[in-house]
Amino acid sequence: MPPDSTVGAPPPPPRLAEMFPTLAPAQIARLRSAGHERVIGAGELVFDQGEVAKLFVVLDGSIEVVSPSPAGERPLSIHEAGGFAGEITALSGTSSLLRGRARTAARVLELDRAALRVVIAADADLSELLMRAFILRRTRLISQDQGDVVLLGSRHSAGTLRVKEFLTRNGHPHTTIDVEHDPAAQALLDEFHVDVADVPVVVCRGVRVLKNPSNEELAACLGYTSALDAAQVRELVVIGAGPAGLAAAVYGASEGLDTFVLESIAPGGQAGSSSKIENYLGFPTGISGQALAARAFVQAEKFGTDIAIARTASRLVCDRRPYRIEVGGEAVRARAIVIATGARYHKPALDSLARFEGLGIYYCATTVEARMCGGDTAVVVGGGNSAGQAAIFLAHTAAKVYILVRGKGLSDTMSRYLIRRIEDTPNIELRVETEVVDLAGADQLERVTWLDKRTQARTTHPICHVFMMTGASPNTEWLAGCVALDDKGFVKTGPDLTAAELAHANWPLPRAPYAFETSLPGVFAVGDVRANSVKRVASAVGEGSICIQLVHKILTE
Ligand SMILES: Cc1cc2nc3c(=O)[nH]c(=O)nc-3n(C[C@H](O)[C@H](O)[C@H](O)COP(=O)(O)OP(=O)(O)OC[C@H]3O[C@@H](n4cnc5c(N)ncnc54)[C@H](O)[C@@H]3O)c2cc1C
């Protein structure tokens with residue numbers, strides 16, 4: 001067997017070489033000072049699933065990496081002298097997804113997260129080689145559904161959709177078993193003493209069984225969360241890991257700031273739910289929000305950002321510095337804060353809306369929702385760019401897509417290129433001055449009634465999938481009383497703050513607030529959460545990056 005050959009379905013050869021490179025003696029010599037050597041007997045474990053992940057460079061002998069599952073071990077790769085075992089979890093210091101075992105007596109160089117970060121920060125050659133291998137290995141695990149999680153669910157359960165989105169948006173490889181269609185489902189339900197009525201059921205590492213877990217419980221089980229340290233004062237805490245927050249984290253950490261990020265759900269924010277972003281500079285053929293977020297997340301980790309997933313800032317304590325951010329019963333403290341909590345979707349006032357959420361009502365259109373919709377007819381509600389993108393994306397697979405808008409057309413609210421594409425797509429039909437007035441169905445959405453306001457005609461259609469793309473409100477409740485907000489709740493910054501607002505906020509400094517600085521010194525707001533911001537990925541990224549310059553200034557004030 002050649003060194004580092006893969007046992008599963010191989011990717012095209014050039015990628016395989018990048019996924020499983022062989023380190024040159026000079027590269028290994030540079031790693032030696034950061035790691036420590038271990039001797040392992042034939043058949044012994046090098047590392048196990050669930051342990052804190054590390055990087056293992058093979059000096060002598062041979063090790064194999066397998067994916068443990070309830071059905072047994074599945075072989076993934078073999079590493080011989082010069083090869084290495086490890087993927088993104090080694091960089092984040094979270095739980096290992098896989099198991100490694102010595103095939104022969106072996107000698108390995110072991111690098112923990114701290115050691116790996118030192119190498120990646122200092123050695124551009126090794127940084128590029130390792131980062132590329134890590135990303136490609138994770139991509140392969142996702143595409144092969146090889147992870148430490150089995151999700152037993154049903155496409156008719158809103159909880160299953162939520163858990164699946166959480167895992168998918170966090171780039172966590174997992175196996176999904178549909179309890180209604182998969183022949184293996186009953187055996188697994190019996191093995192873990194659960195019932196169809198308990199779905200979604202998540203089995204972590206083959207041992208822990210969670211029935212309909214919250215995102216926080218799931219994150220804890222997957223090893224994403226560790227206790228927050230309220231005694232430590234961070235130089236910079238970023239709240240929200242959408243494009244704005246991730247940009248602030250990448251620039252902050254890369255410029256040497258001790259940077260910590262809190263994120264409620266998953267990296268990427270609203271952009272993470274976009275099927276294809278076509279106007280972000282540098283991606284002429286477009287990039288999915290998920291892919292952009294995953295890259296930015298790894299980039300932030302590469303520079304040493306600590307990121308806590310499924311942790312929500314619940315209150316800002318702003319009467320003294322350092323500021324304190326409460327997260328449930330825990331807290332973090334910060335000398336500077338970047339608020340990047342973005343916005344959340346508007347929900348039309350329909351009585352039955354909540355009943356069908358995840359059961360035919362969706363707020364984003366990614367591959368996960370498109371699969372639920374399949375070849376059926378879909379309705380997209382809204383006239384903005386996100387609605388246009390969703391309609392075009394869904395039209396690839398759906399039989400027909402209706403776009404319903406309240407206004408007289410799309411030209412005031414949607415980019416011209418999207419309007420043109422909609423006009424050129426034969427299975428998209430635009431209904432202007434039309435709104436959904438009723439949703440009906442038994443276990444899931446089955447019928448949609450809409451009103452044409454021009455004719456006052458109400459018509460009911462046998463449609464099971466409605467995508468609500470109707471705008472968003474800012475996530476600023478947790479800031480209550482700390483920073484000046486506009487009448488819609490967006491955070492006011494820099495020159496937008498009036499003298500009266502600054503007086504009311506007791507602005508204490510002789511200088512005016514910097515651009516992106518709120519009415520609280522050292523607290524910045526960037527991206528969609530900021531009043532008068534341009535609601536786009538590029539502007540969010542730009543604002544998140546720029547504000548780091550100003551964070552440096554206030555840290556020396
Ligand atoms: C479907 C869709 C398609 C889009 N397509 C495009 C496009 O093609 N091009 C384009 O330029 N723009 C597009 N946009 C707009 C773009 O995604 C947003 O402008 C951008 O994501 C804003 O970034 P942000 O970081 O400011 O906020 P968000 O993306 O909203 O991210 C905020 C993050 O903060 C987290 N958060 C919120 N509250 C808390 C809290 N209290 N504690 C911890 N974390 C918290 C959220 O979970 C979220 O991850 C699209 C938007 C949508 C919804």
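This is a predicted model: local features need pLDDT of at least 70, side-chain atom pairs count only at pLDDT 80 or more; totals for chains, interfaces and linings use all residues.
**Entry 1: a pair of strands to start**

I began with strand S9 (residues 149-153), which is joined to S10 by four bridges, the two running parallel.

I found an open sheet of four strands, in the order S10-S9-S11-S12, with mixed pairing. Strand S10 (175-178) and strand S12 (208-211) stand at the edges; each has a single partner strand, so one side of each is left without a neighbour in the sheet. On average, neighbouring strands of this sheet are turned by 20° against each other, direction ignored.

**Entry 2: another four-stranded sheet**

I then looked up an open sheet of four strands with the order S2-S7-S4-S5, where the pairing is antiparallel. Its edge strands are strand S2 (45-47) and S5, and each of them pairs on one side only. The twist from one strand to the next averages 30°.

I followed one pairing here in detail. S2 and strand S7 (residues 99-102) pair in the antiparallel sense over two bridges. Within that pairing, Leu45 stands opposite Arg101 in S7.

**Entry 3: looking for a cavity**

How many cavities of 30 Å³ or more does a search of the whole structure find? I noted one. The largest cavity has a volume of about 240 Å³.

I wanted to know what surrounds this space. The lining of the largest cavity comprises 20 residues, and Val65, Gly86, Glu87, Leu98 and Arg137 lie nearest its centre. By class, I wrote down eleven nonpolar, five polar and four charged residues for this lining. Strand S5 (72-80) and helix H5 (124-143) each supply at least two residues of the lining. S5 was already in my notes, as an edge strand of the sheet in Entry 2.

Are the faces of strand S27 covered or open? Both faces of strand S27 (residues 465-468) turned out to be covered. His465 and Phe467 lie on one side, Val466 and Met468 on the other, and all are buried.

I looked up two strands that pair with S27. Strand S20 (residues 361-362) runs parallel to S27 and is joined to it by two bridges; there, the bridge partner of Ile361 is Val466. Strand S21 (residues 377-381) also pairs with S27 in the parallel sense, over four bridges. In that case Ala378 has His465 as its bridge partner.

**Entry 4: a β-α-β unit**

I turned to strand S22 (residues 400-404) and strand S23 (residues 428-431), which pair in the parallel sense over four bridges. Ile403 stands opposite Leu430 in S23. With helix H13 (residues 416-423), S22 and S23 make a right-handed β-α-β unit.

Is Gly159 buried or exposed? Gly159 is found in helix H6 (residues 158-169). Its relative accessible area is 17%, and the cut-off for buried is under 20%, so Gly159 is buried.

I compared this with Ala121, which lies in helix H4 (residues 113-122). At 67% relative accessibility Ala121 counts as exposed, because that word applies over 50%.

I also checked two C-alpha separations. Gly159 and Gly43 are 116 residues apart along the chain, and their C-alpha atoms are separated by 41 Å. Ala121 and Ser254 are 133 residues apart along the chain, with a C-alpha separation of 8.9 Å.

A general point to keep in mind: most residues other than glycine have a negative phi, and most peptide bonds are trans. I listed a few places that go the other way.

The peptide bond from Val199 to Pro200 is cis, with omega near 0°. Pro200 lies in the loop between helix H7 (185-191) and strand S11 (201-204). Arg321 and Pro322 are also joined by a cis peptide bond, with omega about -5°. I placed Pro322 in the loop between strand S16 (315-317) and strand S17 (323-327).

His193 has a positive phi, near 55°, and sits in the loop between H7 and S11. With a relative accessible area of 72%, His193 is exposed. Gln456 has a positive phi of about 65°, in the loop between strand S25 (447-452) and strand S26 (457-461). Gln456 is exposed, at 53% relative accessible area.

Terms used. Residues are numbered from 1 along each chain as its sequence is written. Side-chain values use heavy atoms; hydrogens and water are left out. On a 1 Å grid over the protein atoms alone, a cavity is a set of points where a 1.4 Å probe fits but cannot get out, and a pocket is an open set with protein on both sides within 12 Å along at least five of seven lines; lining residues have an atom within 4 Å of a point. Grid points are joined across faces, edges and corners, and a volume is the space filled by probe spheres set on the points. Ala, Val, Leu, Ile, Met, Phe, Trp, Tyr, Cys and Pro count as nonpolar, Asp, Glu, Lys and Arg as charged, and the others, Gly among them, as polar. Two strands pair if DSSP finds at least two bridges between them. A crossover is right-handed if, with the strands pointing away from the viewer, the path from the first strand over the helix to the second runs clockwise. Axes are lines fitted to C-alpha atoms, for helices over the stretch in contact, and angles run from 0 to 180 degrees between N-to-C directions. Buried means under 20% relative accessible area, exposed over 50%, partly exposed in between (1.4 Å probe, protein chains only).
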